[in-house]
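Trainee: Could you walk me through this structure? I'd like to start with its pockets and then look around.

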Amino acid sequence: MQSLINQLWPGAVRTVKVTGFDGADVLVQLVGPEGEEPEIGRIPRHEASMRRMEHPSELFEVGQEIDAEEIGRWRDGQLHLSARACEIPALRSFLLSLEGGKVIAGTVSEVHNFGVFVHVDGEPDGLCTGFIRVPDLAWGWIDHPSDVVEAGQRITAEVIIAETRSGQVTLSLKALQEDPLTRFADQVGRVLTRPIIKIVPFGVFVQLAPDVVGFLHLSELTDEPVETPDQLVDEGEPITVRVDEVDLQRHRVRLGAAGGAGRI
């Protein structure tokens, strides 16, 4: 996750001159001191603009100078850039002010099964810059983001990363809450009887404590060959398990069968 975040940090801004088009990509020359051999760069089509278009020639003319953010160099050594990262100066300035770890406030705009959009306080008018992924909403198991937030709700969240190329800031609600596994770490070796909350083809998830879920592999349920765990157990059914491992780094709890394999 951290390596991906590092790739998305804003790069340096360069002034470039449009020299032509290669398919749907924009070819540019980097504008530098006079007498210096200009470097050739490329703006991939998906980095040309946040606006919808059929072709970048609708937005750019040969000879036009624009600002673009450095993305990196591809295998051929050519510099790739993003014009969309500099398209709205007020948006770029706002996003650059949001460092990772900063605590911000905002208002929930929309709630979807894939995540939550948030109007972040101070963002440019007419834009919605905040987004919370489902895993960053809560430490515990949720069926839908609406279990945690609703449209119009005021929230406080921590910035994970602000991306100038997407025009979006990724936020986390659970980062401001204590990880419940830290209170559960001393439970290794304990035998507990708790309800099954989710059955998947390779095992079951068990609700061990508030906001703490453990996983029991199918092989721990029975020694007999079965296709899926629902041939053995039902959601909501209590099951007795042993806490074999609490992994704080990966935030997971591994369970084992208590007293041998088989349905409890």
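**The pocket and its surroundings**

Mentor: This is a predicted model, and its largest pocket is lined by 23 residues, of which W141, F205, V213, H251 and R252 lie nearest the centre.

Trainee: What volume does the largest pocket have?

Mentor: The volume of the largest pocket is about 580 Å³.

Trainee: And which elements give two or more residues to its lining?

Mentor: Those elements are β13 and β15, and the largest share of the lining, five residues, comes from β13.

Trainee: In which sense do β12 and β13 pair, parallel or antiparallel?

Mentor: They pair in the antiparallel sense, and the pairing of β12 with β13 runs over six bridges. If you want a place to look on screen, find Q207, which stands opposite V213 in β13; V213 is also one of the residues that lie nearest the centre of the largest pocket.

Trainee: Switching topic, which residues touch the most other members in the largest nonpolar core?

Mentor: That core has 20 residues, and the ones touching the most other members are F184, V204, L208, L221, V253 and L255. The elements that give two or more residues to this core include α3 (181-184), β12 (203-209), α4 (218-221) and β15 (252-257), while β14 gives the most, with four residues.

Trainee: What is L208 in contact with, leaving aside its neighbours within four places in sequence?

Mentor: On that basis, L208 is in contact with F184, L192, R194, V213, G214, V241, V253 and L255. There is also a second, separate core of 19 residues, and among them are I104, V108, V118 and L137.

Trainee: Then what about R84, does it count as buried or exposed?

Mentor: R84 counts as buried, because its relative accessibility is 18% and the cut-off for buried is under 20%. You will find R84 in the loop between β5 (79-82) and α2 (89-96).

Trainee: And what does R84 touch, not counting residues up to four places away in sequence?

Mentor: R84 touches H46, E47, A48, S49, M50, T164, R165 and S166. Take T164 as an example: R84 and T164 are 80 residues apart in sequence, yet their C-alpha atoms are 8.0 Å apart in space.

How values were computed. Residues numbered from 1 in each chain as written. Predicted model: local features only at pLDDT ≥ 70, side-chain atom pairs only at ≥ 80, totals over all residues. Heavy atoms only, no water. Core = buried A, V, L, I, M, F, W, Y, C linked by side-chain atoms within 4.5 Å. Buried < 20%, exposed > 50% of the residue type's maximum accessible area, 1.4 Å probe, protein only. Contact = heavy atoms within 4.5 Å. Pairing = 2+ DSSP bridges. 1 Å grid on protein atoms, 1.4 Å probe; cavity = no way out; pocket = protein on both sides within 12 Å on 5 of 7 lines; lining within 4 Å. Points joined across faces, edges and corners; volume = space filled by probe spheres on them.
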